[in-house]
Amino acid sequence: MKDVYSTGEPNRPESYGAANRDIIRVLLKPSAAYFAMLFVAVSMMLFGVWCEYQQIRWGMGVANIKHPTMWGVYIVTFVFWVGIGHAGTLISAILYLVRSRWRTGVYRASEAMTVFAVMTALLFPVLHLGRMWQNYWFFPYPNQRQLWMNFKSPLMWDVFAISTYFTVSAIFFYVGLVPDIAIFRDHSKGLVKKVYGLLSLGWRGTHRQWHHYMAAYGFFAALAAPLVLSVHSVVSWDFAMANTAGWHSTIFPPYFVAGAIFSGCAMVITLLMPLTYAFNWHAYVNIWHFDALAKMCLLTSAILTYAYGMEYFIGWYSQNPYEQAIFFWRADPWADYGWAFYIMVFCNCVAPLPWYFQKLRTNPWALFIISIFINIGMWFERFNIIVSSLAHNFDPATWDYYWPSWIEWGILIGSTGWFFTWFLLFVKTFPAIAITEIKEMIPPPLKGSLEAK
Amino acid sequence: MSSATGIRIKGIYEHLDCLLTGIDRLKKANITGWTVMAPLPRHEILEIVYEGRPSPVRWWTLTGAVTGMTIGLLLTSLTNTQWPMILPGGKPVVSLVPYAVIMFECTILGGALFTTLGAIVHCGLPGFFLDKAIQDPRVTDSSFGIVFTDAPTGDQAKIEAILRDSGAVEVTSGDATLYDVPNN
């Protein structure tokens, strides 16, 4: 147990083979607890599917999205899941380029989280459309009317940004997996071996393969790194480019990027903490990693707190009555969405503060519980930005109160189930810890006979 | 199938320094046609084999990124020229500033797709028709290996001696003509 609570690097296994065997253990027969978690996740997903079926059957009227709040829970949740995805790319790409040592144990699970979170996010613009079978209208395609997209619209930028982000993240994720799947292939039998053989693309680990693979991996990291900053900047422009009080602000891109990294790192803690104990991964992931993630959360929480304060300062300093009105209304505890504002402030600005004490930053329960508060707070941040600005826009005659219908809540629950179903299936069938990169941390076996210069 | 007529030789190493010694001795003896297998990308192996030569994958990345950026520019400006919408904001029909976002995304996407293609081509993937003896499970576990898929018959004794003397824990040889294995 010493390793679990150590704030230093974990004691790595002694040999490459030991690392293989430790991580391949996840392929053993799943426990009852795993099946119970999978059952809950699949049930939530099926409930979401049923709610979506109701929406298709009865129309968008079953959702409470109506004028003036034309963007509701679907867009809130879309932004939330895109944000969750950010930490994975930050950890896998940017920390790879700067050779951060703590990245190795957690990056594969974070990358998986990214891919599944963006897959979840991509559902929401389609669900929000209502007529989801016409979602191809999002994309530029030749048509008889010669009608093309408006590429000057931030909504089109977003289509390109999210599609590119998903494609690059998925490629980066799969490329990283190939040598590790080859390890699984060589430790399996029968049909499983054939499936892993196909997925590993016949990887052998020749010098030629490693040479080109490492070059390509570096380029993928370099290409993915700017996406960490660009994707949520583009998402923020969906709002900031609109002339809507509470949205039209140049602070949005850095504010959104910091929020995305904040929520993503918290989600990595939420996901990896139980897995570390369930799969006994203490030789690979320990408090040292969680401590680093908590410090990332503290930094981004401070940036967010500054951004929240700066929005109010700009609202007051601009002397723009509409800006002032929306921000003062949001913070009014007796106003329609005052409760959402204070949940946001508590979860994102106050709840992470205990992590300034190392004792709480290295306590598994404190890490896990605070990370859940952050996830909740970041969902409410998007709710606060999107819903309150639309429900309380320029013309008081149009003001309205938006509250999601049970169908919308059901689809939100379903999306969470969809995400966790994918993640749970992944951790049980693929190496959720990057075996090859763990091996790079282990001193190579030497006989002391080197004569090559 | 392969037109190989030589001998297949495989040496398995348990120590990295022995492997490096083996590669060095093979190079000094001007013996070519070998493939090194390793469970991880050790920079010592890549340095001794490639002597600092960079991978051509970088040209694929550059080509993809330039192609992507060009497509991004053409897609936005040509389609908006074909449907010349004047927006209330007064932006010109072809507005480079908003198009820069699309061009940036296409640059990254093109770079990533071409890098994938380059890696597939240069790594020789997918390699489903590989020599099962060469796809050695020990190499994805903890051992290293040097493999000849088509060594000249006359060099067999010399190669085996180099592999053994450098510290290979196992040296095997056999007929290579039945197998089709990509070489370096």
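**A close look at chain B**

A: Happy to! Let's start at Pro126(B), which sits in the loop between H4 and helix H5 (137-141) of chain B; helices here are DSSP runs of H or I with at least four residues, strands are runs of E with at least two, and both are numbered from the N terminus. The peptide bond joining Leu125(B) to Pro126(B) is cis, with omega about -10°. Before going on, please keep in mind that this is a predicted model, in which local features need pLDDT of at least 70 and side-chain atom pairs count only at pLDDT 80 or more, while totals for chains, interfaces and linings use all residues. Residues are numbered from 1 along each chain as its sequence is written, chains are lettered from A and ligands numbered from 1 in the order in which they are written, and side-chain values use heavy atoms, with hydrogens and water left out.

Now step into the helix itself. Helix H4 of chain B covers residues 96-123, and Thr107(B) is one of its residues. Thr107(B) counts as buried because its relative accessibility is 18%; buried means under 20% relative accessible area, exposed over 50%, and partly exposed in between, using a 1.4 Å probe and protein chains only. A polar atom of the Thr107(B) side chain lies 2.6 Å from the backbone oxygen of Met103(B). Leaving aside residues up to four places away in sequence, Thr107(B) touches Gly64(B), Ala65(B), Gly68(B) and Met69(B), where contact means heavy atoms within 4.5 Å.

Another loop of chain B, between helix H2 (43-50) and helix H3 (57-82), holds Glu51(B). Glu51(B) is not a glycine, yet has a positive phi of about 50°. With a relative accessible area of 56%, Glu51(B) is exposed.

The strand is next. From strand S2 (residues 34-37) of chain B, Trp34(B) and Val36(B) point one way and Thr35(B) and Met37(B) the other, and all are buried. S2(B) pairs with strand S3 (residues 144-151) of chain B in the antiparallel sense, over four bridges; two strands pair if DSSP finds at least two bridges between them. Within S3(B), Phe148(B) is the bridge partner of Trp34(B).

Pro68(A) is found in the loop between helix H3 (32-58) and helix H4 (73-97) of chain A.

Methods:
A polar contact is a pair of N or O atoms within 3.5 Å; within protein, one must be able to donate a hydrogen and the other to accept it, and residues adjacent in sequence count only if both atoms are side-chain atoms.
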